[in-house]
Amino acid sequence: MSAPILLPGALCLRSAAWICALLLGVCRAEAQAPTKPSENWPCFRGPDRLGIAAPGNNAVPIEWSDTRNILWKIELPGRGASSPIVWEDNVYVTAYDGYGLEKGDPDANQSKLVRHLLCVDRLTGKLRWRVHVPLGIAREHQLSDYLSLHGYASSTPVADESGVYVYFGHSGVFAYDHAGTQRWHGALGDRQHNWGSASSPILHENLLIVHADPESHALLAFDKQSGRRVWSVPTGSGDTWSTPLIVPAGGRHELVFHHSDVYHSEDRTASIGAVDPRTGETLWKCTLLKDYLCPSPVARGGVIYWLGYQKAAAVRAGGKGDVTASHVLWNAARGTEICTPILYDGHLYWVNEASGVAYCANAATGQLAYEQRLEPNPGRLYASGVLVRDSLIYVSRENGAYVVEAGPKFRQLANNRIASDRSLFNGTPAVSRNRMYLRSDRFLYCIGQK
C-alpha cells in the first residue's frame with residue numbers, strides 16, 4: 001500500500017477535502033449514471049443472446065490470474081453451472097447446496113436441497129441480498145452420473161426493469177423485484193429426467209418464457225407481472241436443454257426452439273421450429289438435428305444457426321409449415337454437444353466440449369475455416385464462449401479460460417488460470433461496462449483492468 005500524502009496547512013487540508021469530494025463524486029457518478037440497455041448483460045449470453053459484448057468494452061482484459069486483473073471476488077454459498085447476469089448495478093447469480101454435492105454420499109437427503117439467488121454490487125462485490133429456495137414444495141430430479149456434472153443450479157436468471165426471474169427445475173419459476181422480494185411463483189410440472197434442468201428463461205414483451213422440457217415436455221409462457229400462465233406448447237420427449245431465441249423475420253417475431261419427438265430410440269427424430277411468442281401458435285417446423293440438444297440457437301439477418309452432436313446447420317426463418325425441404329441453407333458434419341456458438345463478422349465460432357477443438361466456419365456456406373485444438377488440453381468445456389472486442393473467450397471446467405483471436409485464422413492468445421480455485425468453472429462469463437464477471441463452484445469474480 002502506498003504511503004499517505006501529507007499536506008501541510010489549511011489550504012492543503014481544503015485541497016485534500018476537495019480531492020476526496022471529487023473522487024467520491026466520480027465513484028457516485030459511475031454507480032448512478034443512467035445505464036444504456038446494451039450495457040446490461042440481462043440473460044444467458046447477453047443483451048441479444050449472441051454472447052457478444054457491446055461496443056465500448058475495450059478495457060476488458062484478456063489476461064488474468066490470482067494476482068492480475070481481479071478487482072474483487074465473493075464466496076458463493078454453494079455450487080452452480082448457471083451464468084451470472086448484470087442489470088444496472090446488480091450482478092445476479094444462483095447456487096445450490098445441501099444435496100448433490102458428493103455422489104454416493106450415504107447420508108444424502110434431497111429434502112435438504114436449497115437454491116440461492118444472490119444479488120451482488122457490481123462495483124464492490126458486496127452482497128446486497130440473498131434469497132433461499134428450499135426444496136419443500138416439490139420433489140427434484142434424482143442425482144445421477146450426468147446430473148452430478150452440473151448440479152441443481154444450471155439455469156441462468158433473466159432480468160429487466162420489472163425484476164429478476166429464475167428457473168429452479170421442479171421447484172418452479174420465481175419472480176423477484178430488484179430488492180429481493182418474491183412477486184410470484186409458477187409451477188412447471190413433475191416429469192423426471194436424469195440430466196435435470198439447464199435451459200434458461202427468456203423475456204419477450206410482457207411474457208416470461210420457460211423451456212421446461214424435463215419437467216413438463218412443454219414450452220411455457222407466463223405473464224411476467226402476475227405469473228398467470230398464458231400459453232403452453234408441447235415439445236416432445238423431454239430431452240432438450242437449449243434456450244429458445246426470439247428472431248425477427250418478415251415483419252414478425254418468431255420464437256425458435258428445439259424438441260425431440262422420439263425419446264431414447266435408434267429412430268428418434270428431432271425438430272427445430274418456431275411459434276408466435278405472443279400466442280404459442282405454430283409457425284414452422286424443420287426436421288434436421290436428430291438427437292437431444294443442449295446448444296442454443298443464434299441468428300442474424302433472418303438466418304438461424306444450430307449446433308448439435310457432430311452437426312451444424314443454417315435455416316432461413318420466416319417459413320410456414322414443414323420447411324425441411326425449402327429453408328435449410330446448409331448443414332455440416334461438425335458440431336458440439338454442449339456449447340452455444342458465436343456468430344460474428346460472417347463466421348460461426350464454437351468449441352467441442354469433449355475434444356477441446358475450436359472451430360470457425362463460414363456462416364454463409366458452413367465451410368470450415370479452421371479446426372484447431374486448444375493448448376494445453378482444456379479437458380471438458382461446458383461454458384459457452386463470449387466475444388470481447390476481437391477476442392473469443394472459452395472457459396474450461398478445470399484448466400482455465402482460453403482466449404482466441406476472432407478471425408478465420410486460428411491464433412490462441414492466452415490461457416488464463418486462477419490457480420487458487422480448484423473448483424469447477426461451468427458458467428458462461430458476463431460482460432458489462434469494461435468488467436467481466438466469471439463464476440466457479442466457489443466464487444464469483446470481477447475481472448477488470450487493475
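Which strand gives the largest share of the lining of the second largest pocket? Before getting to that, a word on what you're looking at: this is a predicted model, where local features need pLDDT of at least 70, side-chain atom pairs count only at pLDDT 80 or more, and totals for chains, interfaces and linings use all residues. Residues are numbered from 1 along each chain as its sequence is written, and side-chain values use heavy atoms, with hydrogens and water left out.

Back to the pocket. The largest share of its lining, four residues, comes from E14. Strands here are DSSP runs (E, at least two residues), numbered from the N terminus. Strand E14 covers 245-249, and along with strand E6 (158-160) and strand E18 (298-300) it supplies at least two residues of this lining. The second largest pocket has 20 lining residues, with Cys43, Pro47, Asp48, Arg49 and Leu203 lying nearest its centre. Its volume is about 340 Å³.

A pocket, by the way, is found on a 1 Å grid over the protein atoms alone: an open set of points where a 1.4 Å probe fits, with protein on both sides within 12 Å along at least five of seven lines, and lining residues have an atom within 4 Å of a point. Grid points are joined across faces, edges and corners, and the volume is the space filled by probe spheres set on the points.

Now the largest pocket. About 590 Å³ of space lies in there, and 29 residues line it, with His150, Ala198, Cys294, Ile338 and Tyr382 nearest the centre. This lining splits into 13 nonpolar, 13 polar and three charged residues. Tyr382 turns up again elsewhere: Arg397 lies over the face of its ring, 4.6 Å from the ring centre. (For a charge to sit over a ring, NZ of Lys or CZ of Arg must be within 6 Å of the ring centre and within 35 degrees of the ring normal.) Likewise, Lys73 lies over the face of Phe443, at 4.3 Å.

On to rings meeting rings. Rings of Phe, Tyr and Trp (its six-membered ring) pair if their centres lie within 6.5 Å; planes under 30 degrees apart are stacked, over 60 edge-to-face, and the rest tilted. That rule gives 13 aromatic pairs. One of them joins Trp72 and Tyr437, with centres 6.0 Å apart and planes at 45°, so the pair is tilted. Trp72 lies in strand E1 (residues 70-75) and Tyr437 in strand E32 (residues 435-439), so this pair ties together parts 365 residues apart in sequence. Trp72 is buried at 8% relative accessible area, and Tyr437 is buried at 0%. (Buried means under 20% relative accessible area, exposed over 50%, partly exposed in between, using a 1.4 Å probe and protein chains only.)

Ring pairs also link Tyr96, Tyr99 and Tyr152 into a cluster. Tyr99 and Tyr152 are among the residues that Gln110 touches, along with Leu135 and His141; contact means heavy atoms within 4.5 Å. Gln110 sits in the loop between strand E3 (90-97) and strand E4 (114-121), and counts as buried at 11% relative accessibility.

Note on methods: Ala, Val, Leu, Ile, Met, Phe, Trp, Tyr, Cys and Pro count as nonpolar, Asp, Glu, Lys and Arg as charged, and the others, Gly among them, as polar. Lists of a residue's contacts leave out its neighbours within four places in sequence.
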